[in-house]
Amino acid sequence: LWVKSISTNKVIMQQRNGGFNGEYQIKFNSSGQIDFWSYRDGYRWAVTSLGSFNDNQWHHIVLVQDNLINGGRLYIDGVERNSNSNGVVNLAGSIHTYLGADMRDFINYLNGEINDINIFNSAISSTEVNILFDNGFGFNPIYNHDGFTSSDFLIASYPMQAMIGD
C-alpha cells in the first residue's frame, strides 16, 4: 500500500476483531516509525522501521510473511528495512481488514492518505516489491507485466484514488 501522513500513534491497516488469532496491525508509532505486529496464540513476528516516515510524503509499504525465515520482512520505498523470525501467522481470513483506524475499538484514526492496497496470499520477492514501488500509483498487479509475475497470488486489490481525511 501507499500512505502519506504526519500522524503518530495512528493505524494504517489492521485485521483485528477481538478473537486475537490471526490478527495484525500496521501503524505509525509515537516516533512516526512504521510499526507492525502479528498475533496468533501470542505475539509472533513484529517489525519497526529504523527511521520515521510520517513526513507528509508518499511511502510505499510492503509486509511479506515469509516461511523461509519463519517470520516476515518490512519494505519501505522498495528497500527492506527490517525483518523478524519469531514465527509465521495464519491470518484467519474470517477477520475483517480495516484501513485508517482501529475499528475494533474505534480509536487511532489516521489523518492522511492511503492508495493502492494489494493483498497477496503468497510471499512476493524483493524484485517484485521493487517493481510495485518503481511503477508507483496505478500499477495494475492483476496482470503479469513489466517483470511482475505474482498476479496469480493477488487476492485483493483496491486501486483507490487518494483516500483522504480523518
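Reader: What share of the contacts in the protein with a separation of 6 or more comes from residues 24 or more positions apart?

Author: Welcome! Please keep in mind that this is a predicted model. Residues 24 or more positions apart supply 53% of the contacts in the protein with a separation of 6 or more.

Reader: What elements make up the protein, and in which pattern do they follow one another?

Author: The protein has one helix and 13 strands. Along the sequence the pattern runs β-β-β-β-β-β-β-β-β-β-β-α-β-β.

Reader: How much of the protein counts as buried, and what area does the protein expose?

Author: Of the 166 residues, 46% count as buried. The protein exposes about 8,200 Å², and carbon and sulfur atoms supply 47% of that area.

Reader: Let's turn to single residues. Why is His60 called buried?

Author: Buried means under 20% relative accessible area. His60 has a relative accessible area of 4%, so His60 is buried. This residue sits in strand β6. Leaving aside neighbours within four places in sequence, His60 is in contact with Leu1, Trp2, Tyr75, Ile76, Asp77, Val129, Leu132 and Phe133.

Reader: How far apart are His60 and Asn115 in sequence and in space?

Author: His60 and Asn115 are 55 residues apart in sequence, and their C-alpha atoms are 9.3 Å apart in space.

Reader: How do you know that strands β7 and β8 pair?

Author: Two strands pair if DSSP finds at least two bridges between them. Strand β7 (residues 71–76) and strand β8 (residues 79–84) have five bridges, in the antiparallel sense. One example is Leu74, whose bridge partner in β8 is Asn82. The hairpin of β7 and β8 has two residues between the strands, and Asp77 in this hairpin takes a positive phi near 55°.

Reader: Why is Asn82 called partly exposed?

Author: Partly exposed lies between the cut-offs of 20% for buried and 50% for exposed. Asn82 has a relative accessible area of 26%, so Asn82 is partly exposed. Its place is in strand β8. Not counting residues up to four places away in sequence, Asn82 touches Val47, Thr48, Gly72, Arg73 and Leu74. Asn82 and Ser31 are 51 residues apart along the chain, with 16 Å between their C-alpha atoms.

Reader: Where is Asn9, and what is its phi?

Author: Asn9 lies in the loop between β1 (2–5) and β2 (10–15). Although Asn9 is not a glycine, it has a positive phi of about 55°. With a relative accessible area of 37%, Asn9 is partly exposed.

Reader: What about Asn70: where is it found, and what is its phi?

Author: Asn70 is found in the loop between β6 (59–66) and β7. Its phi is near 55°, a positive value in a residue other than glycine. The relative accessible area of Asn70 is 39%, so Asn70 is partly exposed.

Conventions. Residues are numbered from 1 along each chain as its sequence is written. This is a predicted model: local features need pLDDT of at least 70, side-chain atom pairs count only at pLDDT 80 or more; totals for chains, interfaces and linings use all residues. Side-chain values use heavy atoms; hydrogens and water are left out. Helices (H or I, at least four residues) and strands (E, at least two) are DSSP runs, numbered from the N terminus. Buried means under 20% relative accessible area, exposed over 50%, partly exposed in between (1.4 Å probe, protein chains only). Contact means heavy atoms within 4.5 Å. Accessible areas come from the Shrake-Rupley method with a 1.4 Å probe; for residues, only the protein chains shown count as cover.
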